[in-house]
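Subject: Structure handover and notes

Dear colleague,

Please find the structure below. My notes on it follow, arranged by region.

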Amino acid sequence: MARAFLIVMDSVGAGGAPDAGAFFNGDRPDTGANTLGHIAEACAAGKAEEGRSGPLRMPHLEALGLGAAVRLASGAAMKGFDAEPEGLWGAATEVSKGKDTPSGHWELAGVPVPWDWHYFPDSEPAFPADLMEKVARLAGIGGTLGNCHASGIPIIEAHCEEHLRTGWPICYTSADSVFQIAAHEEAFGLDRLLKLCEELAPTLHAMKVGRVIARPFTGECGNFRRTANRHDYAIAPPSPTLCDWVQEAGGKVHAIGKIGDIFSRRGIDDVKKGPDAVLFEHLLATTDTSEPGSLTFANFVEFDTLFGHQRDVSGYARALEWFDGQVGLFLAKLRPGDLAVFTADHGNDPTWSGTDHTRERVPVVAYGAGARGLGHVGFTDVGASIAAHLGVPSQGPGRSFL
């Protein structure tokens, strides 16, 4: 029996979303955002030289058709990516009304989001008083900090000393449908932070807020670091996803990264977590151990969290080049009959203004299904195609491109 590997490069968008003008970073619409295209352009121009140098190099994904996928998605060439594709390649367009993690992943797994997410206003305070009172009550403290739109590192910098002095958690949101709580792992307590987020999540989910995210950090003010103990408490998908389809057919589903969180552990047999370097070790190990008929579903998040939101072009380029090197090791371990699909859930153009995700099409490149262009496909077609490869009935609106 065949195996399938669905690998999401978090935020590695390809530009060209037809509805980008309806999504914003501050006052600027996302029209023209192109994560991969603009990174390649910056590298070719010598504007991404920190910790690396020269044109962007991703030979393994380029060989599968990454450059061709970006050209299809956006109409713009990806500088230096001109190889004749040796894999399956295309560009996927999202229909869910969000440029966020759950929307992208659920739709890739066959289930578009059927509702409008709740977003908190970009004002201070951002959250209603009764919600903040509930946070304080559940945490057993006298108040909270933050209560605004912010990026994670700056808001921790702004409130670190007061957080350590008072024990009050730091609450913030973004342009996504999220409620995030940052707290020090030792001073506040990691277990206490996770319990707070878990107990608060049903209230936020009832409001159609997609995720409550625990954002633990360690160290001293001025020299802190966010840890890999982040945990997302996501609202459950509205109907069975690819993960459920595979399980119902008797297959195993192995989750790598935050996939288990995104799908509320529904349709998941086991989960491996950690920083991206550790996650790729897990992915390589899974190629040796996963069963016939299984799905390995992986998310590599650091493109997004460490470099996209920080608008760090050099860092993003370094991460892409590192990842591509690991892809070479991964492809060499695959067996005859395996299918590996590389894609993304949204964009996060590090050359763009603001700090939020960007609305983009995403590349779809695949190994193990021949060499041809797919043209434009839907996110849901990815899930339908993996189901078809595994011989599993598809329960969503997508159509297989295999």
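In which sense do strand β1 and β14 pair, and over how many bridges? Strand β1 (residues 4-9) runs parallel to β14 in this pairing, which extends over 5 bridges. Please keep in mind that this is a predicted model.

The sheet

β1 and β14 belong to an open sheet of 8 strands with mixed pairing, in the order β12-β11-β13-β1-β14-β15-β4-β16. At its edges are β12 (270-272) and β16 (372-378), each of which pairs on one side only. From one strand to the next, the twist averages 15°.

The pairing of β14 with strand β15 (residues 362-367) is antiparallel and has 3 bridges. Within that pairing, A340 has Y367 as its bridge partner, and F342 stands opposite V365.

Is strand β14 buried or exposed? In β14 (residues 339-343), 5 of the 5 residues are buried, so the strand is largely enclosed by the rest of the structure. L339, V341 and T343 point one way from the strand, while A340 and F342 point the other way, and all are buried.

S11 lies in the loop between β1 and β2 (24-25). S11 has a relative accessible area of 0%, so this residue counts as buried. Its side chain makes a polar contact with the side chain of Y316, at 2.6 Å. Leaving aside residues up to four places away in sequence, S11 touches T35, F303, D304, Y316, D345, H346, G347 and N348.

Helix packing

Two helix pairs are described here. Helix α10 (residues 276-289) and helix α12 (residues 313-333) have axes that come within 9 Å and cross at roughly 10°. The two helices are therefore roughly parallel to each other, the cut-off for that term being an angle under 35 degrees. From α10, the contact involves D276, A277, F280, L283, L284, T287 and D288; from α12, it involves W322, F323, Q326, V327, L329, F330 and K333. By class, the contact of α10 with α12 has 9 nonpolar, 2 polar and 3 charged residues.

How do helix α4 and helix α13 pack, and at what angle? Helix α4 (residues 101-108) packs against helix α13 (residues 379-390) at an angle of about 40°, and their axes are 6 Å apart. The pair is therefore oblique. On the α4 side G104, E107 and L108 take part, and they meet F379, T380, V382 and G383 in α13. The residues of this contact divide into 3 nonpolar, 3 polar and 1 charged.

The segment after α13

F401 is placed in the segment after α13. Its relative accessibility is 10%, and F401 therefore counts as buried, for which the limit is under 20%. Not counting residues up to four places away in sequence, F401 touches L88, V364, R372, L374, V377, D381, V382 and S385. Of these, V382 is also among the α13 residues that meet α4. F401 and R215 are 186 residues apart in sequence, and their C-alpha atoms are 38 Å apart in space.

Regards

Methods: Residues are numbered from 1 along each chain as its sequence is written. This is a predicted model: local features need pLDDT of at least 70, side-chain atom pairs count only at pLDDT 80 or more; totals for chains, interfaces and linings use all residues. Side-chain values use heavy atoms; hydrogens and water are left out. Axes are lines fitted to C-alpha atoms, for helices over the stretch in contact, and angles run from 0 to 180 degrees between N-to-C directions. Helices (H or I, at least four residues) and strands (E, at least two) are DSSP runs, numbered from the N terminus. Angles under 35 degrees count as roughly parallel, over 145 as roughly antiparallel, 65 to 115 as roughly perpendicular and the rest as oblique. Contact means heavy atoms within 4.5 Å. Ala, Val, Leu, Ile, Met, Phe, Trp, Tyr, Cys and Pro count as nonpolar, Asp, Glu, Lys and Arg as charged, and the others, Gly among them, as polar. Buried means under 20% relative accessible area, exposed over 50%, partly exposed in between (1.4 Å probe, protein chains only). Two strands pair if DSSP finds at least two bridges between them. A polar contact is a pair of N or O atoms within 3.5 Å; within protein, one must be able to donate a hydrogen and the other to accept it, and residues adjacent in sequence count only if both atoms are side-chain atoms.
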